[in-house]
Amino acid sequence: MVEKNSKTGKILIVDDNEDLLKAAKIFLKRHFQQVDLEKNPEAIPTLLNNENYDVILLDMNFTKDVSSGKEGYYWLEKILETDPSAVVVLITAYGDVQMAVKAIKAGATDFVLKPWENEKLLATLFSAMRLRETRLEVEDLKTRQKEINRQINNKYHDIIGQSAAIHKVFETIDRVAATDANVLILGENGTGKELVARAIHKNSGRKDQVFVNVDLGSVSETLFESELFGHKKGAFTDAKEDRSGRFEVANGGTLFLDEIGNLSMPLQAKLLTVLQNRKVSRVGSNKETNIDIRLVCATNMPLYDMVKENKFRQDLLYRINTIEIELPPLRDRLEDIPLLANHFLEHYSKKYNKPVSKISDAAISRMQKHSWPGNIREIQHAIERAVIMSNSLVLQPEDFNLNAQPHATAEGDNVMLDQFKLEDVEKILIRKVLKKYNGNITQAASELGLTRSSLYRRLEKYGL
């Protein structure tokens, strides 16, 4: 029976002594998975850019007859600039206490003298490897904790509703959550697509791992790869430190790509490659990192029509929509309006310390006759405004600015603009332009003469 190879660890030795390098490799390759040798320290940046080493053994002197250790300190600094979590063990034939102390203060993990004793060297390297593992775990935990804290600060985690339409959504979530199938969530703006994505994650086998949300509509073309795949320090002008991409952060958990219909064709191709290979490379690096994610995507755009018009890749659509969930607009689940209204009432009365405790039946009736083009986001905004402005314990119809909100018509927002205030006119105009461009933020902003960020602020303001 052949014993399984249990060797782990990647070691890099940088020393200008060829005999030492050969001897070290002969001994260390019996104990470690990979032992790389390098005579020229100038090659260090390239080596680190192409491989993740657990321990780097670095000579302190590369110039003949020099024993100051300055070169070792210089390359130690360069290594730690490239990889702050690197574990470096300095080696020298001219050891003394002062040099050892200075090396440790400069960031070295340990210090060994040559010629070394093999067993002592081995013990030092194993100890250094454990330190490397700990550092990487700490960095990973910090990144994940930031994401978890961001999630905890989100206001709502649950989907509110008892209608038949929303029960169909619940049933689909129950069936698909336990699998690792890719899910595509379709629905108008404000219907709660992110809440459904979180519910899928919460009921999956990955529920104890991280849920990462990426709003693709707000990611520029130039920063797409950096945001999703990460980058190395110095990869571009503003890359001042190594950064994990959203795929790496989501590893082991769920990655939610919102507004996927807004991606350009070139970016769709890049995304498809990563989803097919399940590997990412940070910008500025050739190293590939395996990824293990549950993918959930969402859009308010007609992807099937876009495929016919060659605006969305058919192969990408097949990749992301193993299961589809279509969310009903609020106008198709009017019986859920009392539940939603009271849910938001409770939240905002506490938030603003207002004694408002009820919504009158007349107000609820008025709300159920409204078309709610902004869906749940619009009703949330309406309740918040009413709570802030009301001086009574019970919200009445006049506390809601619903009589100025037109019902949808077959032609869309075909209304007489002289009926409305400036804010109402702006809201209707934005809605019409968004409809014209199938929700494409970039095109809508261009026609309206706004920047993308300005349009996003207005969408948030009006609950669109």
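Trainee: Are α6 and α7 oblique or parallel to each other?
Mentor: This is a predicted model, where local features need pLDDT of at least 70, side-chain atom pairs count only at 80 or more, and totals for chains, interfaces and linings use all residues. Residues count from 1 along each chain as its sequence is written, and side-chain values use heavy atoms, without hydrogens and water. The axes of helix α6 (residues 164-177) and helix α7 (residues 193-202) cross at roughly 40°. Under 35 degrees is roughly parallel, over 145 roughly antiparallel, 65 to 115 roughly perpendicular and the rest oblique, so α6 and α7 are oblique.

Trainee: How closely do the axes of α6 and α7 come, and which residues of α7 make the contact?
Mentor: The two axes come within 9 Å. On the α6 side, the contact (heavy atoms within 4.5 Å) uses Val 169, Ile 173 and Ala 177. Facing them from α7 are Val 196, Ala 199 and Ile 200.

Trainee: Why is α7 described as largely enclosed by the rest of the structure?
Mentor: Look at its buried residues (under 20% relative accessible area, 1.4 Å probe, protein chains only). Among them are Lys 193, Arg 198 and His 201, as well as Val 196. α7 is largely enclosed because the buried ones make up 7 of its 10 residues.

Trainee: In the largest nonpolar core, which residues touch the most other members?
Mentor: That core has 35 residues, and helix α10 (residues 265-277) gives the most, 5 of them. Leu 271 touches residues including Phe 224, Phe 247 and Leu 316. The residues touching the most other members are Phe 247, Leu 271 and Ile 320.

Note on methods
A nonpolar core is a set of buried Ala, Val, Leu, Ile, Met, Phe, Trp, Tyr and Cys residues joined through side-chain atoms within 4.5 Å. Buried means under 20% relative accessible area, exposed over 50%, partly exposed in between (1.4 Å probe, protein chains only). Helices (H or I, at least four residues) and strands (E, at least two) are DSSP runs, numbered from the N terminus. Axes are lines fitted to C-alpha atoms, for helices over the stretch in contact, and angles run from 0 to 180 degrees between N-to-C directions. Lists of a residue's contacts leave out its neighbours within four places in sequence.
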